[in-house]
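Hello,

Here is the structure I promised to pass on to you. Please open it beside this email, and my notes follow below.

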Amino acid sequence: GGYGSLNGTMQAFLSEVQKDLAQGMLSPRVLNDPDIHRAELDRIFTKCWVFVGHVSEIPSPGDYVLRYVGEDQFILARDEQGEIQLLLNNCVHRASPVCRAEKGNTSHFRCPYHGWIYKNSGEWNGAPHRAKAYRTIDTARWGLRKAPHVDSYQGLIFACLDPDAVPLREYLGDMCWYLDVIFGLNEQGMRAAGDPHRWIVPANWKSGAENFVGDAYHVQSAHSSLGDIGLIPDNSKSVTETFHIALEGGHGLIAIPKALPEPFGVGNYPPEVTSTFDLDRLDDDQRAFLESGYGVVGFTIFPNLSLFQAPGSTEVGGFPAVNTSLRQWQPRGPEQFELWNWPMVWNSAPPEFNQASYDAAVFSFGPSGVFEQDDTVVWRGGPMVGRSAFARQDMKLNFQMGLDGMSDYEPRPDWMGPGEASTSAFGERNQRRWWQRWSEALASS
Ligand code: FES
């Protein structure tokens, strides 16, 4: 049955989801239902702060790239005043896309249909035969539709389509602390190593978001072949040594104690990279986090931005170059998503290190990456079971790991950072919280 415009049936389903989550269960319907999908676009992607790019992708006035918030296409532009704008890529005359290039530099966009012209700040700037065709037109009214809020933190640009949005820093909350220790290690910061890689995955976008918020448990199984050939030196560590940090707002991280011995230093970077860091930018607790050897291997910022960061190489026994990728799970209907993947490199690092880091990033989580293919194969089950007439009757997925002392999963004592850290990754608390946040966002008006 359809849920229509979030009527009583949908509300009832969402309260069932919340009750199920408290007992460590979830209906597989959430992974393919078209009405849930429509509600996500209307209620999550228009209300939350959504990642749209990195400042390094549009450094100069006139630079632009095409981006998505949910399934809506936008132009992310740096206007002539240097301000970042997010403009719906649809003409307000007859809705034609005004920009047909993926990226470029321009001061104006000219609609291909009838030729209306807009500034890169979105304002209406003219039309062919204007004196005859539009002797009067309210130019202030007929600009491109603009996201009401665009802001950045540590170079990551987010937009919110809700005029009543809370500020970005408030939305990110304690994730800011962790973004500082990942991206804020010096003034120069990181940059996108190139355009994002993009590919279609036959699975629901939430499978990716949920995986990166806490699922270290799958590594020993889904990625076991990488352990077999020695590419992950000790595959069992991926779950026995990693742990979770749960934050307010549905955000969460997977972290790890020191992975590499001397001379590798903070963040598992080699000396030629750590020598370019300026840790005085951080507070005492943030420095303690890094100097204790902790690192973040993954996170999800609700709803659909994740990060992967780990030492890696393209051959067994190769140099372990830390590689960092931002990954975004872009919905494309309920049964597909488009994965956008941005390998990131340090502006301050030697080019040879950045090349090794980029190669490792592509080798692991690029479109043909050895980790990537393992994940996208298993996530296909979501749409399958969501579509299954038999499963839809009453099947529930198990989210019980770590519930009420049911596993080896305790609070980590003396945690120096914000959030609730665990002793291991033998729990699904971060995933349950992500889904809890998801259900609350869908249920809110
Ligand atoms: Fe753009 Fe007519 S649709 S000018």
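Apart from its neighbours within four places in sequence, Asn-304 is in contact (heavy atoms within 4.5 Å) with Phe-45, Val-50, Trp-205, Arg-327, Gln-328, Trp-329, Gln-330 and Pro-331. A polar atom of the Asn-304 side chain lies 2.9 Å from the backbone oxygen of Trp-329. Asn-304 is buried, with a relative accessible area of 1%, where buried means under 20% relative accessible area with a 1.4 Å probe, counting protein chains only.

Before you read on, a word on the source: this is a predicted model, in which local features need pLDDT of at least 70, side-chain atom pairs count only at pLDDT 80 or more, and totals for chains, interfaces and linings use all residues. Residues are numbered from 1 along each chain as its sequence is written, and side-chain values use heavy atoms, with hydrogens and water left out.

Now to the domains. An automatic or database assignment sets their bounds, and the protein is divided into domain 1 (50-169) and domain 2 (173-443). Their centres, taken over C-alpha atoms, are 32 Å apart. Where they meet, 17 residues of domain 1 are in contact with 25 residues of domain 2.

Across this interface the rule finds two salt bridges, a salt bridge being a side-chain nitrogen of Lys or Arg within 4 Å of a carboxyl oxygen of Asp or Glu. Lys-103 also forms a salt bridge with Asp-195, with the closest N and O atoms 2.9 Å apart.

Enjoy exploring!

Notes:
Buried < 20%, exposed > 50% of the residue type's maximum accessible area, 1.4 Å probe, protein only. Polar contact = N/O pair within 3.5 Å; in protein donor to acceptor, adjacent residues only side chain to side chain.
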